[in-house]
Every structure is written in structure tokens, then in C-alpha cells.
Amino acid sequence: MTREQALKLLHDNMKNQNLRRHCYAVEAVMGALYRRIEDHHQTRQEEEKWRIAGLLHDADYELTKDNAKSEHTKHVLKWLKAMDAEPDIFDAVAAHAWGYVDFAPEPKTKIEWALYTCDELTGLIVAVALVKPDKKLASVTLDSIMKKWNSPSFAAGVNRKQIEECEPRLGTPLKEFVGIALFAMQGISGELGL
Ligand SMILES: [Fe+2]
Ligand SMILES: [Fe+2]
């Protein structure tokens with residue numbers, strides 16, 4: 001599956017700009033995580049898989065938002081199958097909803113854990129940007145995120161436990177993980193409208 005096909009699939013099925021931006025953010029962070037985590041055997045095609053998994057993980061979100069617990073990922077997985085997407089992409093999309101969707105499997109591989117953990121983190125970073133006076137990612141520092149991290153009432157819906165899995169599962173300390181994600185999102189701030 002190419003990035004172009006993936007983007008078309010996303011746009012055909014997701015019209016809300018904010019939802020799309022969440023997908024772009026997760027795509028960018030997945031690319032950066034791939035380069036950090038798989039630093040010994042990187043290939044362009046492998047990085048592309050990580051990015052596409054990020055881009056498409058919520059592609060059926062609009063379609064399933066009223067019954068997410070029983071439906072989310074069901075449709076996107078069907079589309080991926082029909083398009084003959086790589087198994088790694090399929091499995092990562094399936095496992096990102098672990099704990100939220102009744103039938104979602106526990107993540108196992110690096111790409112699956114990366115998607116599961118960074119999905120939640122991008123939401124926290126957006127929330128920190130939105131309380132800055134200029135609402136810009138450029139104004140967000142790693143320390144400002146870590147401060148908010150330690151204040152559980154801030155963006156209380158963000159599951160910090162889920163993000164903390166980066167350390168045991170991906171061998172990346174939390175602060176470094178957050179820094180990678182912040183830098184990746186700042187790199188596409190225009191697309192994110194932040
Ligand atoms: Fe999701
Ligand atoms: Fe998501």
C-alpha cells in the first residue's frame with residue numbers, strides 16, 4: 001500500500017478536519033519513532049509502513065463514533081484487507097484500540113506498541129499547545145508538557161499509563177518519547193493548524 005492510496009482512503013472516509021489532523025500527527029510521530037527505535041535496520045519501505053499505520057489507524061472513526069466499542073477498526077481493517085495492505089499495518093491498526101474496543105488484540109510488536117502509545121500522546125501535546133497564548137506548537141517545550149503530565153486534572157482524558165508503556169515496550173524513556181513526538185509534530189505544524 002502506498003502513502004497516496006492511504007491518504008485517499010483516509011480522506012474518502014473522514015471529512016472532519018480536526019480528526020484528519022489527529023491522523024496526520026500520529027503519522028508524523030510514527031515516522032520519527034521508527035527512525036529512533038529501529039535505528040539498526042532502517043529501510044524506506046519499513047518506515048512507510050509505520051507512517052501508514054499511523055495515518056490510517058482511525059480511518060473509520062467518523063463511521064463508528066456512535067458505537068465505537070463494538071465497531072471501531074472493524075471497517076478500516078476490512079478496507080485494508082481489500083486493498084491487500086501489509087500485515088504489519090493491519091495488525092498495528094487492530095491493536096491500537098486495545099482496551100477500548102471489545103475485540104482489539106493486545107499489541108505485541110514494536111510497530112503495534114508505538115502506535116498504541118503515541119496515539120494517546122499526540123492528544124496531550126495538542127492540549128498543551130491549545131493553552132498557550134498563541135496556540136502554537138512552536139511555543140510548546142518539552143518541560144511544559146512534562147509539567148502538565150504531572151497534573152492529572154489537565155487533559156484528564158489522556159491515559160498516561162498507556163503512554164508510559166513506551167519505556168518497557170519500546171525501550172524509550174518517557175521524556176525522550178515525548179520529545180520525539182513534540183519535534184515530529186512541530187515539523188508539520190502547518191498541516192496541524194497549530
Ligand atoms: Fe482509534
Ligand atoms: Fe487515534
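A donor, in what follows, is an N, O or S atom within 2.8 Å of the metal. Water is not among the atoms, so a site may look incomplete. With that settled, here is the structure, which is a predicted model.

I start with the metals. Asp 58 bridges two iron ions, ligand 2 and ligand 1, and these lie 4.0 Å apart. His 22 sits in helix H2, residues 17-37, while Asp 58 sits in the loop between helix H3 (44-56) and helix H4 (61-64), so the pair ties together parts that are 36 residues apart in sequence.

Which protein atoms hold the iron ion that is ligand 2? They are NE2 of His 22, NE2 of His 57, and OD atoms of Asp 58 and Asp 119, lying 2.2 Å from the ion. Along the chain the spacing of these donors reads H-x34-H-D-x60-D. The angles at this ion run from 86 to 178°, so the arrangement of the four donor atoms is irregular.

His 22, at 22%, counts as partly exposed; the cut-off for buried is under 20%.

Now the chain as a whole. It has 13 helices and zero strands. Its radius of gyration is 16 Å, close to the 16 Å that the globule rule gives for 194 residues, so the chain is as compact as a globular protein of that length. Of those 194 residues, 48% count as buried.

Last, the record. An unreviewed UniProt entry places the feature "domain: HD" at residues 21-97. In the model that span is 73% helix and 0% strand, and its end C-alpha atoms lie 19 Å apart.

Technical notes. Residues are numbered from 1 along each chain as its sequence is written. Chains are lettered from A and ligands numbered from 1 in the order in which they are written. This is a predicted model: local features need pLDDT of at least 70, side-chain atom pairs count only at pLDDT 80 or more; totals for chains, interfaces and linings use all residues. Side-chain values use heavy atoms; hydrogens and water are left out. Donors are N, O and S atoms within 2.8 Å of the metal (3.2 Å for Na, K and Ca); water is not among the atoms, so sites may look incomplete. Four donors count as tetrahedral if all angles lie between 85 and 135 degrees; four count as square planar and six as octahedral if opposite donors are over 155 degrees apart and all others between 65 and 115; anything else is irregular. Helices (H or I, at least four residues) and strands (E, at least two) are DSSP runs, numbered from the N terminus. Buried means under 20% relative accessible area, exposed over 50%, partly exposed in between (1.4 Å probe, protein chains only). UniProt positions are given in the numbering used here, feature names are shortened, and annotations may be inferred rather than shown by experiment. The radius of gyration is taken over C-alpha atoms; the globule rule is 2.2 Å times the number of residues to the power 0.38.
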